[in-house]
Amino acid sequence: MRSRWRSWTAVLAMTFAAGFTAAPAPAHTADPGDPQASAATRDVRDWLTHLPNRAQNRVVAGQFAGYSGKTFSLTQVEELKAQTGANPGLLGCDYGHDGNAIDHACNATLKDWSAAGGLVTVSAHLPNPDQPDWSGLFTKLPTFDRLTDRSTPTGQRWHAELDRVAEGLRELADANVPVLFRPLHEMNGDSFWWSAQDPQTFADVWRDMYAYLTDVKGLHNLLWVYAPDCSYGNRSGFYPGGAYVDVVGLDCYVREPVAVQGYDELVALGKPFAFAEIGPRSGPGGTIETPLDYGKWIDAIRTRFPATAYFMAWNDQWRPTANIGAGRLMNDPWTIVRGEIATAARTEGSPAPVGTPVPLADFETDTQGWNGYRVLAGPWSVTEWSAQGGRSLKADIDLAAPEAYLNRVAPLDLSGYRALTATVRTAEWGNHATGTTAKFYVRTGAGTTWYDGGAIPIGPNGAVLRLDLSRVADLGDVREMGVLFTSAPGASGRTAVYVDDVAAIAPPAALAGFESGTDGWTGYLTATAPVSTADWASEGARSLRAEVDPAAPEAYLNRRASLDLTGRRVLSATVRAAAGSGTAKLYVKATSSNTWYDAGAVPVGPDPRTLTLNLAGVGSPQDVREIGVQFERRGGPGQGFVFVDEVTVR
């Protein structure tokens, strides 16, 4: 249970190390990469971008229905509806057929699904151009670089495949059906002929494919989905660039969704995020190791991956109804099902601040000192709606009045915090005219100077309000905080307003900034001992530098010391290499057995890269014995330098 208001003084007195990280969350690109995208396609893209601003109904549920011309069927979708009472909002089909053909007979169903108010996604397990059979689908193509060369037999066969794919996508375009198109997925793994290719060559092939389907074939109904495998590293290393991608996602087959790695890495690319495939882990032949509780997926999205715009569960033995928890997944207040998709209904908001939420009020037992001003009745702690937990704060208001407040007037020290957040909504009843808006505000100092986060339209789906504290004076002397609700001209009648999940965002705490020394970090298998240097820094003026031999298979920069990371969510570090090429892993070792945990390898070079590790995957976070960065497979003549900076935890 979260902290009560009466414990705010203790909570907000928490001390964080100097050198806080201040990087803002990446802003989402407003438009698709295709400047000629159809209006319906742009609407879907914009709607997905805005979903994380909602209080509820913010994650579209998806279900894969099979391979076109082979296994595609609505039978398992109908089973999901029968068991949970809801149809998924997103329906998936794959144009691949047995690794040797391309089929798009599923289009008829996709068009019907779209007409009924759903979204559609098409993946493509396309044949291997040099080995078009079932085994070829799983055999790495050694001539992958020839796909862009139409003068080669490989390139000709590949573009013949794209022509066949384009026929199916054209049929959907002519019906004005936007398509979340997910080609060449799981490219960072080792499953398919396009997997584990040279990252630059892969990006070239993707861009060529994009140009061919978009510009040559004139398909402007596509939202391109880049979806690596979360179980492998190098998730962003194949990324072709923001002009060629509309949605980024992860394909994840796991036992514990909360421990998934790669979310922060993908979200940092600045696109709407999705879990493009989910399901339980399976062994040879697709045998499920342990039935997956799909309810854990929506729990993980709520607590760890809140920027998620949609997920798509796989079919057959991986489907929710063949496992457990389907009802909790589909009926969660965050889940959007078919019938709840309205792409014109966008919830505005600012990007989520990076940091650790420190609970200020959850209203689980009472109003926690919050009051109402210009309200008809209340406020009360109620169970009829909540953003988190089981209760929220509610008051009745008169929509004919211009404004109403839910607030707490009391001294508060917010020094060192970077933002405030709260989740709010209105009830369905009452005449809201053109819409009610809400502002999160504080008053500070002896003059009670007003600061707010701007007016955000709200309704029954609610919205997340955010207030940037970087421009607020007298943060150590906050006198009042609250939410101002403003009615639209012509509004009338009685309604209710709600507030929940009020939090202050603490910046990531610095574990090492290397401004005055090595901060206890040492080197292992390095050519020289690490030093604090002014040669480069991602934050401040200095970083940690060591010289390594590019011919050596690996080198480490690390700190061996006991560390309690209980309650922390993400460990991060910024790294670069002055020359050569290779990869880096951020890792921790826990307990006396030095159990290793990492988030996978990420390519590094002269441009800085931020590595992240989801600490939910660490078995004993209270007993971390070592943190560090492993640099691997360096190349190039002579010795080179590697750098680490801005090691933080949040």
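Predicted model: local features only at pLDDT ≥ 70, side-chain atom pairs only at ≥ 80, totals over all residues.
**Stop 1**

Ser-532 belongs to strand S26. Now show its side chain. What does the side chain of Ser-532 reach at 2.6 Å? Look for the backbone oxygen of Phe-514. The side chain of Ser-532 also makes a polar contact, at 2.8 Å, with the side chain of Arg-542. Leaving aside neighbours within four places in sequence, the contacts of Ser-532 are Phe-514, Glu-515, Gly-517, Thr-518, Arg-542 and Ser-543.

Next, select Val-531, which is found in strand S26, residues 531-533. Is Val-531 buried, partly exposed or exposed? Its relative accessibility is 35%, so Val-531 counts as partly exposed. Not counting residues up to four places away in sequence, Val-531 touches Thr-518, Ser-543, Leu-544 and Arg-545.

**Stop 2: helix H7**

Move on to residues 199-216, which form helix H7. This helix has 18 residues, and its first and last C-alpha atoms are 25 Å apart, close to the 26 Å expected at 1.5 Å a residue. At the N-terminal end of H7, select Asp-198, which caps the helix: one of its side-chain oxygens lies 3.2 Å from the backbone nitrogen of Gln-200. After H7 comes Gly-218, with a positive phi near 70 degrees.

Now colour the buried residues of H7, among them Phe-202, Trp-206, Met-209, Tyr-212 and Leu-213. Which elements do the buried residues of H7 pack against? Show helix H6 (153-174), strand S6 (179-183) and strand S7 (222-226) to see them.

**Stop 3: helix H6**

Stay with H6, a helix of 22 residues. From first C-alpha to last, H6 reaches 31 Å, close to the expected 32 Å. Its buried residues include Trp-158, His-159, Glu-161, Leu-162 and Val-165. What covers the buried residues of H6? Among the elements to display are strand S4 (101-102), helix H4 (107-115) and strand S5 (119-124), along with S6, H7 and S7. Just past the end of H6, click on Asn-176, where phi is positive at about 60 degrees.

**Stop 4: the second largest pocket**

Select Glu-186, Phe-192, Tyr-253, Glu-277 and Trp-318 together: of the 30 residues lining the second largest pocket, these lie nearest its centre. The elements giving two or more residues to this lining are strand S3 (96-97), helix H5 (134-137) and strand S8 (247-253). S8 supplies the largest share, three residues. The pocket has a volume of about 830 Å³, and its lining is made up of eleven nonpolar, ten polar and nine charged residues.

**Stop 5: the largest cavity**

How many cavities of 30 Å³ or more does a search of the whole structure find? There are four. To visit the largest cavity, select its lining: Arg-235, Gly-262, Glu-265, Lys-585, Leu-586, Ala-599, Gly-600, Val-602, Leu-611 and Thr-612. Strand S30 (582-590) and strand S33 (609-614) each provide at least two of the lining residues. The space inside the largest cavity is about 60 Å³. If you colour the lining by class, you will find four nonpolar, three polar and three charged residues.

Key
Residues numbered from 1 in each chain as written. Heavy atoms only, no water. Helix = DSSP H or I, 4+ residues; strand = E, 2+ residues; numbered from the N terminus. Expected span 1.5 Å × (residues − 1). Buried < 20%, exposed > 50% of the residue type's maximum accessible area, 1.4 Å probe, protein only. Contact = heavy atoms within 4.5 Å. Polar contact = N/O pair within 3.5 Å; in protein donor to acceptor, adjacent residues only side chain to side chain. 1 Å grid on protein atoms, 1.4 Å probe; cavity = no way out; pocket = protein on both sides within 12 Å on 5 of 7 lines; lining within 4 Å. Points joined across faces, edges and corners; volume = space filled by probe spheres on them. Nonpolar A, V, L, I, M, F, W, Y, C, P; charged D, E, K, R; others polar.
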